[in-house]
Amino acid sequence: MSAKHASETPAGKTKKFGKGERQIPHHSQKAKKYYPAEDEVKAKKVRKTIHPAKPRATLQPGTILILLAGRFRGKRVILLKHLPQGILLVTGPFKVNGVPLRRVNARYVIATSAKVDLKGIDSKTVEKVGKEGYFAREKKEETKGEEAFFKQGEKPEKKPVASARASDQKAVDKALLSNIKSEPHLLEYLRSSFSLRKGDRPHEMKW
């Protein structure tokens, strides 16, 4: 504490009680008798450090994965690239099983022992698709008034696929399709969906 600040603060009193002494603070330094009815919001300090996600050893580019959640659960897809925060970039390919280029959480996939050769794939397009903002949704203008009221019961219109995304999908799948067709039974394997039946034991299955 500086000398200037110490001189500005009012001094308390010292009272003697028998053999001991007690320092009584100045009335301006005493605790408040009344407190606000609502708690004051204070910013919380984040003490946790964000560590980069470590991918599993089985999740290597080219590995065929089984999706366990989401719209395409049960489908088999091909892993293209690791993205930050434990996210994977995968593709069906779209012509084989209808799964487009999309991001999936690494926790909700099963890695199989089957692999697809990624030789000849367009690496520039993969880098472009893996960037932040590629999958960002476009903001819609909210309609208000009578127009919004009458549109409540109508079916939502199908979103047209952007031409840029369609061209990127074709560029990535072109090399993959030729590599898949060169392997026997691989095309049929990717087209089939995974499901468990009564009596199946997934912990004993060899993926």
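Asn-97 lies in helix 2 (residues 94–97) of the predicted model, in which local features need pLDDT of at least 70 and side-chain atom pairs count only at pLDDT 80 or more, while totals for chains, interfaces and linings use all residues. Residues are numbered from 1 along each chain as its sequence is written, and side-chain values use heavy atoms, with hydrogens and water left out. Helices (H or I, at least four residues) and strands (E, at least two) are DSSP runs, numbered from the N terminus. With a relative accessible area of 9%, Asn-97 is buried, where buried denotes under 20% relative accessible area, exposed over 50%, and partly exposed the range in between (1.4 Å probe, protein chains only). When residues up to four places away in sequence are not counted, Asn-97 touches Lys-75, Arg-76, Gly-92, Leu-190 and Arg-191, a contact being defined by heavy atoms within 4.5 Å. Gly-92 is also joined to Pro-93 by a cis peptide bond, with omega about -5°. Pro-93 belongs to the loop between strand 5 and helix 2.

The secondary structure of the chain comprises 6 helices and 7 strands, arranged along the sequence in the pattern α-β-β-β-β-β-α-β-β-α-α-α-α. Of the 207 residues in the chain, 25% are buried. Among contacts between residues at least 6 apart in sequence, 57% join residues at least 24 apart.

Helix 3 (residues 123–130) has Thr-125, Val-126, Val-129 and Gly-130 as its buried residues. Viewed down the helix axis, these buried residues fall within an arc of 135°, and therefore line one face of helix 3; the arc is that of the directions from the helix axis to the C-beta atoms. An α-helix has 3.6 residues a turn, so residues three or four places apart point the same way. The packing partners of the buried residues of helix 3 are strand 4 (76–83), strand 5 (87–91) and helix 5 (163–182). At the start of helix 3, a side-chain oxygen of Asp-122 comes to within 3.4 Å of the backbone nitrogen of Lys-124.

The second largest pocket holds about 240 Å³ of space. Strand 4 and strand 5 are the elements that give two or more residues to its lining. The lining consists of 15 residues, of which Ala-53, Lys-54, Gln-85, Gly-86 and Ala-106 lie nearest the pocket centre. On a 1 Å grid over the protein atoms alone, a pocket is an open set of points where a 1.4 Å probe fits, with protein on both sides within 12 Å along at least five of seven lines; lining residues have an atom within 4 Å of a point. Gln-85 is situated in the loop between strand 4 and strand 5 and is exposed, at a relative accessible area of 72%. Although not a glycine, Gln-85 has a positive phi of about 65°.

Pro-52 occupies the loop between strand 2 (20–24) and strand 3 (63–67), and is exposed with a relative accessible area of 71%. The C-alpha atoms of Pro-52 and Pro-84 are separated by 7.3 Å, with the two residues 32 apart along the chain. A positive phi of about 65° is also found at His-185, which is not a glycine. His-185 is placed in the loop between helix 5 and helix 6 (186–191) and counts as exposed at 65% relative accessibility.

How values were computed:
A polar contact is a pair of N or O atoms within 3.5 Å; within protein, one must be able to donate a hydrogen and the other to accept it, and residues adjacent in sequence count only if both atoms are side-chain atoms. Grid points are joined across faces, edges and corners, and a volume is the space filled by probe spheres set on the points.
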